[in-house]
Amino acid sequence: MKGIILYTSKYGATKRYAEWLKEATGFDCLETKNTKIKDVVQYDSIILGGGIYASGIAGLSFLKKNISQLRGKKIIVFCDGASPYEEKAFQQVVSHNLKDALSGLPCFYCRGAWDMDAMNFGDKTLCKMLQKAVAKKASEFLEIWEKALMEAGTEKHDWTDKAYLAPILEAMTRCSAITTSLRRSRICSTNGTPVTRARKSAPYSRRKPSAVNALEQRSHMVTAATPTVEKSVISLLTRKPHLW
């Protein structure tokens with residue numbers, strides 16, 4: 001399976017996840033802004049990642065613009081942010097970004113990092129304004145991202161963890177296994193006429209994209225029938241995020 005990882009990273013967290021994915025899969029890895037669609041269409045599998053900014057996933061415009069040329073490809077999206085995972089908030093991000101032609105694509109969340117000293121003037125100013133506004137609210141009414149914003153303060157935090165990649169690797173492995181199974185099931189006679197054809201399984205993208213559920217099932221993700229991901233994946237699947 002020939003694959004590529006595309007990423008858009010503003011402060012380094014997404015790049016770190018992309019590099020970890022490269023180590024685990026052996027896929028090529030490029031910044032989305034330096035990528036041309038003519039180079040991407042040669043790949044069977046595409047993983048695209050980006051940080052969450054104003055509810056949007058950075059770099060996703062590349063898929064929106066070129067999705068018609070990527071039909072039949074295995075595509076997975078991951079995003080990262082400073083907040084801890086929360087199902088309702090994550091589903092809002094998914095529904096906001098993966099719609100129309102992108103609807104149904106598997107999407108996963110990885111927690112990123114926080115460093116106000118490294119932020120540009122605009123981002124730093126916005127974060128300070130948000131913190132002042134949130135500080136006026138009663139703590140019992142704060143949403144999860146607001147609590148995370150206040151807890152982060154002005155300190156430097158790094159929540160990146162390889163274990164967040166477990167469901168992404170499981171999804172890629174599953175896609176590969178389905179494709180391999182379908183190819184092997186097409187038994188042909190001597191004249192090339194198919195004798196049997198497997199019933200196509202429901203695509204993985206229809207499954208609920210929950211990183212939490214996937215991590216809870218991490219011990220069942222790698223099997224002998226899906227050897228396409230390197231052995232290093234096993235060590236990722238048996239660990240749990242230390243700050244989940």
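## Ile52 in strand S3

Ile52 has a relative accessible area of 24% and is therefore partly exposed, a class that lies between buried (under 20% relative accessible area) and exposed (over 50%), as computed with a 1.4 Å probe on protein chains only. This residue lies in strand S3, where strands (E, at least two residues) and helices (H or I, at least four) are DSSP runs numbered from the N terminus. The model is predicted, and local features need pLDDT of at least 70, side-chain atom pairs count only at pLDDT 80 or more, and totals for chains, interfaces and linings use all residues. Residues are numbered from 1 along each chain as its sequence is written, and side-chain values use heavy atoms, with hydrogens and water left out.

When residues up to four places away in sequence are not counted, Ile52 touches Cys79, Asp80, Val93 and Tyr109, a contact being heavy atoms within 4.5 Å. Between Ile52 and Gly112 the C-alpha to C-alpha distance is 9.8 Å, although 60 residues separate the two in sequence.

The structure holds two salt bridges, each defined as a side-chain nitrogen of Lys or Arg within 4 Å of a carboxyl oxygen of Asp or Glu. Side chains of opposite charge can pair when their charged atoms come close. In one of the bridges, Arg16 pairs with Asp158, and the closest N and O atoms are 3.2 Å apart. This pair links distant parts of the chain, with Arg16 in helix H1 (residues 13-25) and Asp158 in strand S8 (residues 157-158), 142 residues apart. Arg16 counts as partly exposed at 28% relative accessibility, and Asp158 is likewise partly exposed, at 44%.

Another salt bridge joins the side chains of Lys162 and Glu23, with an N to O distance of 3.9 Å. Here too the partners come from distant parts of the chain, since Lys162 sits in the loop between S8 and helix H7 (166-185) while Glu23 belongs to helix H1, 139 residues apart. Lys162 counts as partly exposed, with a relative accessibility of 29%.

## Positive phi at two loop residues

Ser55 is a residue other than glycine, yet its phi is positive, near 75 degrees. Ser55 is found in the loop between strand S3 (45-53) and strand S4 (56-57), and its relative accessible area of 39% makes it partly exposed.

Asp100, which is not a glycine either, has a positive phi of about 55 degrees. Its place is the loop between helix H4 (87-97) and strand S6 (107-111), and Asp100 counts as exposed because its relative accessibility is 72%.
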